[in-house]
Amino acid sequence: MRKKIIYLAGGCFWGIQGYFDLLKGVIQSQVGYANSKIPNPSYIMVCSEQTAAVETLELIFDEEILSLEEILKRFFSIIDPFSLNSQGNDFGTQYRSGIYVRDSEMLPFINDFITNLQKYYPKPIVTEVKLLGNFYPAEAYHQKYLEKNPHGYCHIDLSGALREI
């Protein structure tokens, strides 16, 4: 097993977690707030846009089963990478799209992936890519929200996780 961690932001974190939890090779996931200016922000603080935090999924995966390339393909298939500070019906800086890592060795691969993807689109991809500054787990009621509330709001088609990319 080759355990890796990546942080993905693409609108409401419920849908991102619901989608990736369906994939083989995911070891663990939790939702939270990344790159906050305030330690341990609450959901209300993040929604106020005073924290600069982004709703994010912490994804721990087995790279022997689920490659970084597969994660990126799937991530870009479920978000709008051209939309700044919004995804679906969610608007605000906390809903921007981003890919964050603690391991700087992952950055060249991610940046090359996006550079190659950009060749197919006239609009610029605005998904930010950077080293993770910090990550604070979200409140318990946000964790595995769509698993606990199968009819809850989600801007992502979870059935897409079952299809090959």
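Reader: How far apart are the mean positions of the positive and negative charges of the protein?
Author: The model is predicted. The protein has 15 positive and 19 negative charges.

Reader: In what order do the helices and strands follow one another?
Author: The protein has 5 helices and 8 strands. Read along the sequence, their pattern is β-α-β-α-β-α-β-β-β-α-β-β-α.

Reader: Why is the protein called as compact as a globular protein of its length?
Author: The C-alpha trace spans about 35 × 30 × 30 Å along its principal axes. For 165 residues the globule rule gives 15 Å, and the protein counts as that compact because its radius of gyration is close to this value, at 15 Å.

Reader: What share of the contacts with a separation of 6 or more joins residues 24 or more positions apart?
Author: Of the 165 residues, 50% count as buried. For contacts with a separation of 6 or more, the share from residues 24 or more positions apart is 78%.

Reader: Is Asn35 buried or exposed?
Author: Asn35 lies in the loop between strand S2 (26-34) and helix H2 (43-47). Its phi is positive, about 55°, although Asn35 is not a glycine. The cut-off for buried is under 20% relative accessible area. Asn35 has 16%, so it is buried.

Reader: What is the relative accessible area of Lys144?
Author: Lys144 sits in the loop between strand S8 (135-137) and helix H5 (145-148). Phi of Lys144 is positive and near 55°, in a residue other than glycine. Lys144 counts as partly exposed, with a relative accessible area of 26%.

Reader: How many disulfides does the structure hold?
Author: A disulfide is a covalent bond between the sulfur atoms of two cysteines. The closest cysteine sulfur to that of Cys12 is in Cys154, at 6.9 Å, which is too far for a bond. For Cys47 the closest is the sulfur of Cys12, at 9.6 Å, again too far. The number of disulfides in the structure is 0.

Reader: What relative accessibility does Cys47 have, and what does Cys12 have?
Author: Cys47 counts as partly exposed, at 29%. Cys12 is buried, with a relative accessible area of 7%.

Reader: Which residues does Leu158 contact, leaving aside its neighbours within four places in sequence?
Author: Leu158 is in the segment after H5 and is partly exposed, with a relative accessible area of 25%. Its C-alpha is 28 Å from that of Leu131, 27 residues apart in sequence. With neighbours within four places left aside, the contacts of Leu158 are Gly15, Gly18, Tyr19, Leu22 and Leu146.

Reader: Which residues does Phe113 touch, not counting those up to four places away in sequence?
Author: Phe113 belongs to helix H4 (residues 107-118) and is buried, with a relative accessible area of 14%. Lys73 is 40 residues apart from Phe113 along the chain, and their C-alpha atoms are separated by 8.9 Å. Not counting residues up to four places away, Phe113 touches Glu69, Leu72, Lys73 and Phe76.

Technical notes:
Residues are numbered from 1 along each chain as its sequence is written. This is a predicted model: local features need pLDDT of at least 70, side-chain atom pairs count only at pLDDT 80 or more; totals for chains, interfaces and linings use all residues. Side-chain values use heavy atoms; hydrogens and water are left out. Helices (H or I, at least four residues) and strands (E, at least two) are DSSP runs, numbered from the N terminus. The radius of gyration is taken over C-alpha atoms; the globule rule is 2.2 Å times the number of residues to the power 0.38. Buried means under 20% relative accessible area, exposed over 50%, partly exposed in between (1.4 Å probe, protein chains only). Contact means heavy atoms within 4.5 Å. Lys and Arg count as positive and Asp and Glu as negative; His and the chain ends are not counted. The place of a charge is taken as NZ of Lys, CZ of Arg, CG of Asp or CD of Glu. A disulfide is a pair of cysteine sulfur atoms within 2.5 Å.
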